[in-house]
Amino acid sequence: MPYSDLPLAELRSYAPDLAEPADLDRFWATTLAAARAPALSPTFAPVDSGLTEVATLDVTYAGFGGSPVRGWLHLPAHRRGPLPAVVEYVGYGGGRGLAHERVLWALAGYAHFVMDTRGQGSSWSIGDTRDPEAPGDPAHPGFMTQGILEPETYYYRRVYADAVRAIEAVRSHPAVDGARVAVTGGSQGGGLSIVAASLVHDLIGTMPDVPFLSDFPRSVAIAVRDPYAEISRYLKVHRDHVERVMTTLAYFDIAILGSRATAPALFSVGLMDETCPPSTVFAAYNRYGGPKEIREYPFNDHEGGEGFHEAAKLGWLKERLRA
C-alpha cells in the first residue's frame with residue numbers, strides 16, 4: 001500500500017487553521033449541564049465472564065438525556081485498595097463486546113471500564129445500548145449523518161456527553177481512585193479519548209490511537225473509506241447542505257476541541273492509513289493543548305501499532321503514575 005497523504009515532514013507540522021464556532025465552549029457547557037441534570041444512578045452487577053483473574057461488573061449509568069448507557073468494569077481479582085482506572089472507548093460500529101473480550105488493562109492491575117457506544121455494536125463487536133433518538137436495537141453503520149444539520153441534534157452530541165458521564169460513573173465505584181483516571185481508545189475511541197481530555201480537565205492522561213473525528217474539512221474531502229465517506233456521499237446528494245454540515249461538524253472536531261485539553265497525551269498514527277488519513281491525525285496532534293508525544297507506524301494502515309503500541313501505552317501510563 002503506497003503513501004497517499006502529505007510527506008512526513010509536512011505531516012509533522014500540519015496544523016490547519018480551522019474555523020472555531022464562537023459559542024463552542026457555551027455549547028459544550030450547556031450540553032454537559034443538560035446531560036448531568038438526571039441523576040447518574042450507576043449500577044454495578046457482577047457477572048461470570050469465565051475468567052479467574054479478572055472480576056467483571058455489568059455497568060449501567062445515565063447518559064445524555066438520562067438514557068441508560070452500558071459498560072463493563074473489569075477489576076483485578078486480587079486487588080488491594082483503590083486502583084487507577086483506564087476508561088476505554090470503542091471504535092466505530094463496535095460495542096462493548098462480550099464480558100471476557102477486552103481485559104488488558106485489568107490484567108495490568110488497573111480498573112478497566114469499557115463504554116458501550118449508543119446505537120452501535122452491530123458491525124464488528126456486540127453492543128447493548130440503544131439510542132432513544134433512533135429507536136430500535138443497536139444497528140449497523142452509518143451514524144455520521146444522523147441529525148447532522150444542527151449541532152443540537154447531531155448524533156455525536158449524545159455520544160460525547162456519554163463519554164464524559166462514563167468517567168463520572170467509573171469514579172463513583174469504591175474500587176477506583178478517582179484522582180487517577182486515564183482514557184484511551186482506537187479510531188472513534190481515539191477521538192472520544194481526546195474529547196474526554198478536552199471536556200474533563202483532571203485526567204492523568206489520554207492515549208488516542210489512530211483517532212477519528214478530526215479535521216472534518218480535509219477528512220471528508222480525501223478519505224477514501226467509511227466512516228468519513230458517509231458524509232461525502234450524503235453531500236453528494238444534498239448539494240445544498242454543505243455549509244450547514246460543516247458548521248455542525250466544527251462543534252465536534254477533535255482538532256478544535258483538543259486545543260482545550262491539558263492532560264498528557266500519547267498519540268499513534270499509521271502513515272498508510274486510508275480510513276483516518278495521517279494528516280487528520282496530525283491535525284489533532286499538532287493542535288492538542290497538553291504535553292504530547294506521538295508514535296508513528298510507517299507501514300501500517302488503520303490497524304496502527306496494535307500489540308506493539310499496546311506495550312508502548314502500558315509503559316507510558318506506568319511512567320505517568322510514577323511522576
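This report describes strands, helices and aromatic rings in a predicted model.

**Strands**

Strand β3 covers residues 68-76 and is mostly covered, with seven of its nine residues buried. Strand β2, residues 54-62, runs antiparallel to β3 and is joined to β3 by nine bridges. Five residues lie between β2 and β3, and the two strands form a hairpin. Gly65, in the turn of this hairpin, has a positive phi of about 70°.

Strand β3 also pairs with strand β5, residues 111-115. These strands run antiparallel as well, and four bridges join them. Here Leu73 has Phe113 in β5 as its bridge partner.

**Aromatic pairs**

A pair of aromatic rings is described by two values, the distance of the centres and the angle of the planes. The whole structure holds 21 aromatic pairs. Two of them are set out in the table.

| Pair | Distance of centres | Angle of planes | Type |
|---|---|---|---|
| Phe216 and Tyr228 | 6.1 Å | 85° | edge-to-face |
| Phe282 and Tyr285 | 6.4 Å | 90° | edge-to-face |

Why does the pair of Phe216 and Tyr228 count as edge-to-face? The planes of these rings stand at 85°, and planes over 60 degrees apart count as edge-to-face. The pair links distant parts of the chain, since Phe216 is in helix α6 and Tyr228 is in helix α7, twelve residues apart. Phe216 has 1% relative accessibility and so counts as buried. Tyr228 has 0% relative accessibility, so Tyr228 counts as buried too.

Phe282 and Tyr285 both lie in helix α10, residues 278-287. Three residues separate them, which is about one turn of the helix. Are Phe282 and Tyr285 buried or exposed? Both Phe282 and Tyr285 are buried.

**Charges over rings**

Tyr285 also takes part in a contact of another kind: the charged end of Lys292 sits over the ring of Tyr285, 5.2 Å from the ring centre. In a second case, the charged end of Arg96 sits over the ring of Trp72, 3.6 Å from the ring centre.

**Helix α8**

Helix α8 spans residues 242-250. Which residues of α8 are buried? They are Val245, Thr248, Leu249 and Ala250. What covers the buried residues of α8? The cover includes helices α2 (24-36), α6 (216-222), α7 (228-237) and α9 (254-257).

Note on methods. Residues are numbered from 1 along each chain as its sequence is written. This is a predicted model: local features need pLDDT of at least 70, side-chain atom pairs count only at pLDDT 80 or more; totals for chains, interfaces and linings use all residues. Side-chain values use heavy atoms; hydrogens and water are left out. Buried means under 20% relative accessible area, exposed over 50%, partly exposed in between (1.4 Å probe, protein chains only). Contact means heavy atoms within 4.5 Å. Rings of Phe, Tyr and Trp (its six-membered ring) pair if their centres lie within 6.5 Å; planes under 30 degrees apart count as stacked, over 60 as edge-to-face and the rest as tilted. A charge sits over a ring if NZ of Lys or CZ of Arg is within 6 Å of the ring centre and within 35 degrees of the ring normal. Two strands pair if DSSP finds at least two bridges between them.
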